[in-house]
Amino acid sequence: MKKVKTDYCDCGIMFEYTIEEIWDVERIIKGERFLVDENVAVCTLCGHDIFNNKLENENLKRGFKKYAHAHRLLTSEEIKAIRNQYDINQKLFSKSLGFGEVTVQRYESGALPIKTFSDLIKRVKSPKEYLNIL
């Protein structure tokens, strides 16, 4: 990948950094171990990893996707696709399923759904099931 950008490092001043790909980084998600491919910012001056919030969020989402797959939970993209098939906003979709107003918003932003909510959203992929629930 190796894109050069700038940020502050432990060196104390702003320096360029590259984005390096690291394979099979261990992540503990909800007490379970997952190996995740991650991107890390590395200072070109000292070689230390630099914390980068955007990269960290992307890495965390990759870990969440592995957890979701292992537990047969819907991903944020799948939830959004199901909601979009009905052409309704997040708030209305949440309320129609009996969730709190911002539940679908959190799930579509990357939060892991609980199994019962994930299973319910899977069911409403079928218009007939969604109509039954309504």
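Tyr86, Phe93 and Tyr130 form one aromatic cluster, where rings of Phe, Tyr and Trp (its six-membered ring) pair if their centres lie within 6.5 Å, and planes under 30 degrees apart count as stacked, over 60 as edge-to-face and the rest as tilted. The model is predicted, with local features needing pLDDT of at least 70 and side-chain atom pairs counting only at pLDDT 80 or more, whereas totals for chains, interfaces and linings use all residues. Residues are numbered from 1 along each chain as its sequence is written, and side-chain values use heavy atoms, with hydrogens and water left out.

| Pair | Centre distance | Plane angle | Class |
|---|---|---|---|
| Tyr86 and Tyr130 | 4.5 Å | 45 degrees | tilted |
| Phe99 and Phe117 | 4.0 Å | 15 degrees | stacked |

Phe99 lies in the loop between helix 3 and helix 4 and Phe117 in helix 5, so their pair ties together parts that are 18 residues apart in sequence; helices here are DSSP runs (H or I, at least four residues), numbered from the N terminus. Phe99 is buried, with a relative accessible area of 6%, while Phe117 is partly exposed at 24% (buried means under 20% relative accessible area, exposed over 50%, partly exposed in between, with a 1.4 Å probe and protein chains only).

Leaving aside neighbours within four places in sequence, Ile121 is in contact (heavy atoms within 4.5 Å) with Leu74, Ile79, Ile82, Phe93, Leu97, Phe99 and Tyr107.

Conventions. Helices (H or I, at least four residues) and strands (E, at least two) are DSSP runs, numbered from the N terminus.
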